[in-house]
Amino acid sequence: MNRDMRIAIVGAGFSGIGTAIALRDAGFTDVTILEKAQDLGGVWHYNTYPGAACDVPSYLYSYSYEQRKDWSRPCSPQDEILGYLHGVAARHGVDRLIRYGVEITAAAWDDEGATWTLTDASGGTIEADALVLACGQLHRPRIPDLPGREDFGGHSFHSAEWDHAHDLRGERVAVVGTGASAVQFVPPVAEQAAHLDVYQRTAPYIAPRWNPRYPRAVRALIRWMPGVQAARRMGMTLFMESFITGLTRFPPLRWAQSLWATLFMRLQVRDPEFRARIWPDYPFGCKRILFSSYYLPALQRPNVELVTDRIDRITERGIVTADGREREVDTIIYGTGFEAHAFMAPMAVSGADGVDLQSAWSGGARAHLGITVAGFPNLFLLYGPNTNLGVGSIIVMIEAQAGYVVSALQHLRRTGAPALDVRPEVQAASDAEMQRRLQHSIWTACQSWYREADGRIVNNWPGYMKEYVDATRALDPSEYRLVRGRRDREPAGAAQ
């Protein structure tokens, strides 16, 4: 290939920005980021609800090569994280690579020319030699298909599409869902609303997170004392890796972690009857562990009612539960999470011989190291299947994946081949080993968004962050075959 490789990245969140930086640093100059929104940030652009913040301390939830030492508090709020990402993109010059307002609806591999053709919502097309899908796992809001939802006469919205123009003060508000977003926005909403109903289907485990602002002396220490930031990152990494040990391979450690959350919840909820209603009926860690020191106190405010009866239907005036009671409300907020198993959907992706990716994933999403899919040459997934963490910083995983993409494309540059494709037997073997390891984890003990209906775990990585970093440090050429296009399709054997 005489010209520079054309690389298209779909998505301008942490994954897309980080991959673009890694590619540019490696000397790839023809890089384009396609973003459907009018701003970068991904999940941190869309999720602007009151109280939005990261569960992971910002000194770890940030690129290792772009350490900010003036965060306002350990777990930074949404606006600070978005501002950080803007600053990083500008400093590395990748903000100039972004085309905003471009929603990719289809991506098709051309066997003849060994290229990808991307189609946007307006019908325009973009051609690329390599395609990086950095859409993430949590980008499509999920609103339950409740009977009568369209009949509701009040106002409603999803937490990822927060309507800041709508004033909740003095209103009767219903929150449907008690997941990671809800535990953050329920406390401020409870302070504004005249009355708040919180509809809980499954009670979460709650661990403490006070998250106060850093005192001036601490900020000065972090900024000026050499080694403090590195020590904090290392300490938090070891703490989170120990959590993973408990969730995946050493139950006694998980029992100790469970005791920590249990004592905290018992201290925050003293009433035995109410405690029984907020207590999870599944093992600790089986579903996502949530961190908040304000959620459980908010549920016990006099203007808040926790509703544990199943929602039967929505009416013009409110919500009817299975016991037949109708609670009238002015606004419904859906804190019901995302379509975590859809990955790239509704984008239609077709690979070699026109095979559709969703068809290839009919038995559950799978990819080698969560990055490459057999039959889809030069396609790379960021934050793909089985790369989520039960506890940890996804930025660590994203940096590793970006480095792996660079390693793959550097290999193509050295060999002169236009494309590479992971061998099906390699993908099958790595997937089987991963699922075998996951069977020993706590995540098999209940149904959650980590799993398909048949029980297959499609979201979580079964080991440590360091383990993943080591596994993705460099592409192994023997795991891939080189693809030279239909006109010159004879595979070149192992990608040597």
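Two strands are taken to pair if DSSP finds at least two bridges between them. The legends below apply this rule to a predicted model.

**View 1. A hairpin of strands S14 and S15 in the predicted model.** Strand S14 covers residues 311-314 and strand S15 covers residues 318-321; the two run antiparallel and are joined by three bridges. Within this pair, Ile311 stands opposite Thr321 of S15. In general, strands of a sheet pair through backbone hydrogen bonds, either parallel or antiparallel.

**View 2. An open sheet of four strands.** The strands follow the order S6-S5-S4-S18, and their pairing is mixed. The edges are formed by strand S6 (125-128) and strand S18 (348-350), each of which pairs on one side only. From one strand to the next, the twist averages 15°.

**View 3. The pairing of strands S5 and S6.** Strand S5, residues 115-120, pairs with S6 in the antiparallel sense, and four bridges connect them. Thr117 stands opposite Glu127 in S6. As a general point, the side chains of a regular strand alternate between the two faces of the sheet.

**View 4. The packing of helices H6 and H7.** Helix H6 (residues 228-248) packs against helix H7 (residues 251-268) at an angle of about 115°, and their axes lie 6 Å apart. H6 is therefore roughly perpendicular to H7. The crossing of the two helices is left-handed. On the side of H6, the contact is made by Ser242, Phe243, Thr245, Gly246 and Leu247. H7 contributes Pro251, Leu253, Arg254, Gln257 and Trp260. Classed by type, the residues in the contact of H6 with H7 are five nonpolar, four polar and one charged.

**View 5. The disulfide of Cys286 and Cys446.** The count of disulfides in the model comes to one. This disulfide joins Cys286 to Cys446, with an S to S distance of 1.9 Å. The link of Cys286 and Cys446 is left-handed, with -125° about the S-S bond. The pair links distant parts of the chain, 160 residues apart. Cys286 lies in the loop between helix H8 (272-278) and strand S12 (290-291), whereas Cys446 lies in the loop between helix H12 (424-438) and helix H13 (465-471).

Terms used:
Residues are numbered from 1 along each chain as its sequence is written. This is a predicted model: local features need pLDDT of at least 70, side-chain atom pairs count only at pLDDT 80 or more; totals for chains, interfaces and linings use all residues. Side-chain values use heavy atoms; hydrogens and water are left out. Axes are lines fitted to C-alpha atoms, for helices over the stretch in contact, and angles run from 0 to 180 degrees between N-to-C directions. Angles under 35 degrees count as roughly parallel, over 145 as roughly antiparallel, 65 to 115 as roughly perpendicular and the rest as oblique. A crossing is left-handed if the near helix is turned anticlockwise from the far one by less than a right angle, and right-handed if clockwise. Contact means heavy atoms within 4.5 Å. Ala, Val, Leu, Ile, Met, Phe, Trp, Tyr, Cys and Pro count as nonpolar, Asp, Glu, Lys and Arg as charged, and the others, Gly among them, as polar. A disulfide is a pair of cysteine sulfur atoms within 2.5 Å.
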